Amino acid sequence: MAYYIQNILLNQERTNILIEGNTIAAIGKQTPSVPDATIIDGSHLAAFPSFANMHTHAAMNLFRGFANDLPLMTWLNDWIWPKEKHLDYDIVYSGTKLACLEMIKSGTTLFSDMYFHIPAAAKAAAEMGIRCTLGITAFGDGLSVNEQVVEETLCELEPYKHLVNLAIAPHAIYTVSDEGLVHLARLAQKYGLLYHIHMSETQSEVDDCMSQRNCRPYELLQRLGVLDFTQGRFTGAHSLHLSDNEISILGSHHATVVHNPCSNLKLGSGHSFKYCELRDAGVNVTLGTDGCSSSNNLDMIDAAKFMSYLQKGIRQDPTILPAEEMLQVATSNGFHALGINAGSISVGAEADLMLVSTDNIAFIPNNNTLANLLYAAHGDCVDTVFCHGKMVMHHRKIDNEADIISQAKCAAQKLLRD
């Protein structure tokens with residue numbers, strides 16, 4: 001399948017983009033058209049790379065608006081974890097499809113998930129046509145996640161391998177034993193999988209680690225060898241409360257961290273994310289929304305806006321994290337972390353991109369399209385989305401949208417009734 005996007009605004013200039021197969025084949029005012037290509041009029045649109053949401057719990061959107069204004073551990077222990085015992089394949093499938101619908105409509109084509117019933121989530125994401133990395137979530141000693149489980153899960157994901165990858169996802173250092181953290185890291189190393197874990201989300205997590213293990217959370221992972229086993233494939237979600245030594249540790253291990261500003265603010269976890277220090281140490285900094293029960297939406301434009309504004313405000317410097325750099329954090333850095341050649345609109349890159357409407361009120365006047373996207377707009381500005389070369393939304397229309405919403409409503413009623 002080929003698409004020829006004509007007269008599109010890209011980097012403040014009008015041009016044409018040719019997509020052939022899953023790749024951006026050509027860009028330019030004289031780009032040759034392909035006879036059987038689908039023509040898209042870009043005269044009222046601007047092109048951007050699509051977003052990579054690097055930390056989600058997709059089917060938690062069924063908890064949206066449930067258990068608000070609570071501290072993290074109260075929220076988890078008293079409200080979320082008891083309800084999650086009632087999750088099943090059908091509930092996770094319906095919730096993940098709804099999450100994919102929301103992500104596509106706000107320009108996201110890749111998400112890194114940590115939840116349950118992986119085959120259900122994989123089927124949902126593949127049917128919606130977007131990419132994901134799905135983590136086998138582990139608690140306790142982690143031994144329930146073994147080679148047999150990994151190999152069986154990989155077999156179940158085989159039909160979706162063009163879009164879906166597997167990860168190992170210990171929940172956190174306070175819910176997984178030291179032995180379990182090491183066991184899971186060795187497993188990730190053996191199969192070449194991403195290791196995705198909540199880290200240093202709250203100050204109390206750091207304080208407890210100091211009192212119980214006599215070190216900070218990332219110092220613990222270094223001591224256990226976890227970061228050596230997962231070199232270049234480690235993703236630490238949140239990573240909000242860090243020492244200079246921990247930042248150095250992360251940089252030396254080529255780690256990725258995920259900032260989730262909206263979730264961190266809503267849960268009162270903190271706001272002083274050390275972006276500049278992490279970036280300068282060589283850490284790959286990415287962006288995420290977290291689950292919809294703690295962030296309440298999956299709109300990466302909102303997350304990017306919060307991240308940029310927080311950095312400027314905390315440092316009292318409006319030049320910190322300018323729009324161009326913020327876009328890179330929210331797009332190419334995430335694709336890079338998962339080894340995908342996407343996240344930029346360039347010839348040879350995989351065709352993951354979004355076309356936003358410059359007729360949207362947030363783009364009037366359109367003095368700077370990128371600034372309007374990140375500082376003025378919301379996800380409803382996204383008109384058309386491509387993932388892996390396939391058009392998954394056009395003029396904000398997605399196949400079977402009403403059915404997806406209806407099924408998710410039923411799943412949420414079942415989950416919250418039990």
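This is a guided tour of a structure, going from one selection to the next in the viewer. Keep in mind throughout that the model is predicted.

**Two packed helices**

Begin by selecting residues 178-191, which form helix 5, together with residues 217-224, which form helix 7. Two packed helices are described by the angle between their axes and the distance between the axes. Here the angle is about 65 degrees, and the axes of helix 5 and helix 7 are 10 Å apart, while the crossing of the two helices is right-handed.

**Tyrosine 191**

Stay on helix 5 and select tyrosine 191, which has its place in that helix. Which residues does tyrosine 191 touch, not counting those up to four places away in sequence? They are Glu147, Val150, Glu151 and Leu154. For a sense of distance, draw a line from the C-alpha atom of tyrosine 191 to that of tryptophan 79, and you will span 35 Å between two residues that are 112 residues apart along the chain.

**The largest cavity**

Rolling a probe the size of a water molecule over the atoms shows where empty space is left. In this model the count comes to three cavities of 30 Å³ or more, and the largest cavity has a volume of about 200 Å³. To find the largest cavity, select His57, Met60, Leu76, His171 and His198, which are the closest to its centre among the 21 residues that line it. Next, highlight helix 1 (72-84) and strand 7 (108-115), the elements that give two or more residues to this lining; helix 1 gives the most, with six residues. By class, the lining of the largest cavity divides into 12 nonpolar, six polar and three charged residues.

**The largest pocket**

Move on to the largest pocket, in which about 330 Å³ of space lies. Of the 19 residues that line this pocket, select Asn11, Phe48, Pro49, Leu327 and Leu370, which are the closest to its centre. Strand 1 (2-10), strand 5 (45-49), helix 13 (323-330) and helix 15 (369-376) each supply at least two residues of the lining, and strand 5 gives the most, with four residues. The lining of the largest pocket has nine nonpolar, nine polar and one charged residues.

**The second largest pocket**

The second largest pocket holds about 200 Å³ of space. Select Glu127, Met128, Val392, Ile398 and Asp399, the closest to its centre of the 13 residues in its lining. Helix 3 (118-128) and strand 16 (390-393) each supply at least two lining residues, and the largest share, four residues, comes from strand 16. Colouring this lining by class gives six nonpolar, two polar and five charged residues.

**Threonine 256**

Finish at threonine 256, which lies in strand 12 (residues 256-259). Is threonine 256 buried or exposed? Threonine 256 counts as buried because its relative accessibility is 6%, and the cut-off for buried is under 20%. Now show the residues in contact with threonine 256, leaving aside its neighbours within four places in sequence: they are Phe234, Thr235, Gly236, Asn284, Thr286 and Ala337.

Notes: Residues numbered from 1 in each chain as written. Predicted model: local features only at pLDDT ≥ 70, side-chain atom pairs only at ≥ 80, totals over all residues. Heavy atoms only, no water. Axes fitted to C-alpha atoms, helices over the stretch in contact; angles between N-to-C directions. Left-handed = near helix turned anticlockwise from the far one by under 90°. 1 Å grid on protein atoms, 1.4 Å probe; cavity = no way out; pocket = protein on both sides within 12 Å on 5 of 7 lines; lining within 4 Å. Points joined across faces, edges and corners; volume = space filled by probe spheres on them. Nonpolar A, V, L, I, M, F, W, Y, C, P; charged D, E, K, R; others polar. Buried < 20%, exposed > 50% of the residue type's maximum accessible area, 1.4 Å probe, protein only. Contact = heavy atoms within 4.5 Å.
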